[in-house]
Amino acid sequence: MTDRRRFLAASLAATAAATLPRDTHASPTKPAGRLRPRVVSTWDFGVAANKAAWQILGKGGSVLDAVEAGARVPEADPNNHSVGRAGYPDRDGRLTLDASIMDGNGDCGAVAAIEHIAHPISVARRVMEKTPHVLLVGDGALQFALEQDFPKEDLLTPESEQAWKEWLKKSEYKPSANSENKTYGAGKPGGAGNHDTLGLLAVDAQGRLAGACTTSGMAWKLHGRVGDSPIIGAGLYVDNEVGGATSTGVGEEVIRTAGSFLVVELMRQGRSPQQACEEAVKRIMRRRMKMDKDLQVGFLALSRAGEVGAYAIQKGFTYAVCDAGKQDTLFDSVSAL
Ligand code: SD4
């Protein structure tokens, strides 16, 4: 745990207990009292993403504009090797990006395995707003982005290219999606860790929700591999009647369980966001842990009443919460192991 995170965890534990009622059985579809505008997102870099989203949401702006603005922050960060520019490439040294966006009315758009576009989340939004489709992939997604006047760029940084060359020496692919898991050399050149997705959920004062999810996917993946992040219902799902959910970790496992849809449906049945995340994670564990004891999957959920839940298989999953009270809180998620 970094000093910064230890400080945050210590100073915010009390706030978390006081402001995040995780285990209430209150139906999220019938929130008691005033609705609470709030932004939540995955991992440490979610703090900065939340702040950008709050700039819009806090002034009463559109919840969709807010989630897009939030997602663009890690996409632009040259030091972030798991989202957007500077992401780690695939096995062939090509940087391919996945992103999705959804609002609580069911409108959604996504791009998968898109290359050369710095802000896939904004292309996903254009897919949603300018086409009759939900998901564009690969060359077709790039073609559409260029038609929409997104600039074509070389996004692979020298640092990411160097990391890929290190990895090539052994060419060993062991998916490790937990940035805190040092087993596979997280954060080191050639290490497969340090590879996490931004999932961001927001609710406004009217209980309208939106979500965004953006990633460069698993490092050193096969070219053409698509993870959970651009798959509506897997990496992201949002419903104004209930709430939203997003995921991080090994995307194949999230796709296999339609994970974010599952979390939202469990909330619809009356589970709190925390209970819903726990049930979805445990379902994956029951089916898959025998095959991979290092497997990491985490879910983050937000009800339309502003309740937050988070749960992961392995320790180390962090999430950021931002609202009128405080814009930069970071929590360690509860985990199964
Ligand atoms: C994927 N879920 O592409 C993403 C990667 C990730 O933490 O979230 N890593 O499978």
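**Figure 1. Salt bridges number 21 in this predicted model.** A salt bridge is counted where a side-chain nitrogen of Lys or Arg lies within 4 Å of a carboxyl oxygen of Asp or Glu. The model is predicted, and local features need pLDDT of at least 70, side-chain atom pairs count only at pLDDT 80 or more, and totals for chains, interfaces and linings use all residues. Residues are numbered from 1 along each chain as its sequence is written, and side-chain values use heavy atoms, with hydrogens and water left out.

**Figure 2. A salt bridge joins E68 and R125.** The N to O distance is 2.8 Å. E68 belongs to helix α3 (residues 63-76) and R125 to helix α4 (residues 120-130), so the pair links distant parts of the chain, 57 residues apart; helices (H or I, at least four residues) and strands (E, at least two) are DSSP runs, numbered from the N terminus. E68 and R125 are both buried; buried means under 20% relative accessible area, exposed over 50%, and partly exposed in between (1.4 Å probe, protein chains only). A network of salt bridges links D65, E68, R125 and E129.

**Figure 3. E241 pairs with R268 in a salt bridge.** Here the N to O distance is 3.3 Å. E241 is exposed, at a relative accessible area of 52%, while R268 is partly exposed at 31%.

**Figure 4. E253 and R288 form a salt bridge.** Their closest N and O atoms are 2.9 Å apart. The pair ties together parts 35 residues apart in sequence, because E253 is in helix α7 (residues 251-256) and R288 in helix α9. E253 counts as buried, with 8% relative accessibility, and R288 is partly exposed, with a relative accessible area of 22%.

**Figure 5. The largest nonpolar core contains 44 residues.** A nonpolar core is a set of buried Ala, Val, Leu, Ile, Met, Phe, Trp, Tyr and Cys residues joined through side-chain atoms within 4.5 Å. V263, F299 and I313 touch the most other members. Among the elements giving two or more residues to this core are α8 (259-268), α9 (273-288), β9 (297-303) and β10 (308-312). Helix α9 supplies the largest share, six residues. A second, separate core has 36 residues, including A66, A99, V111 and L200.

**Figure 6. One cavity of 30 Å³ or more is counted.** On a 1 Å grid over the protein atoms alone, a cavity is a set of points where a 1.4 Å probe fits but cannot get out, and lining residues have an atom within 4 Å of a point. Grid points are joined across faces, edges and corners, and a volume is the space filled by probe spheres set on the points. The largest cavity holds about 70 Å³ of space. Twelve residues line this cavity, and T197, T215, G217, R225 and D228 are the closest to its centre.

**Figure 7. R208 is in the loop between β5 and β6.** R208 counts as partly exposed, at 44% relative accessibility. R208 and A305 are 97 residues apart in sequence and 9.9 Å apart in space, C-alpha to C-alpha.

Definitions and conventions: 1 Å grid on protein atoms, 1.4 Å probe; cavity = no way out; pocket = protein on both sides within 12 Å on 5 of 7 lines; lining within 4 Å.
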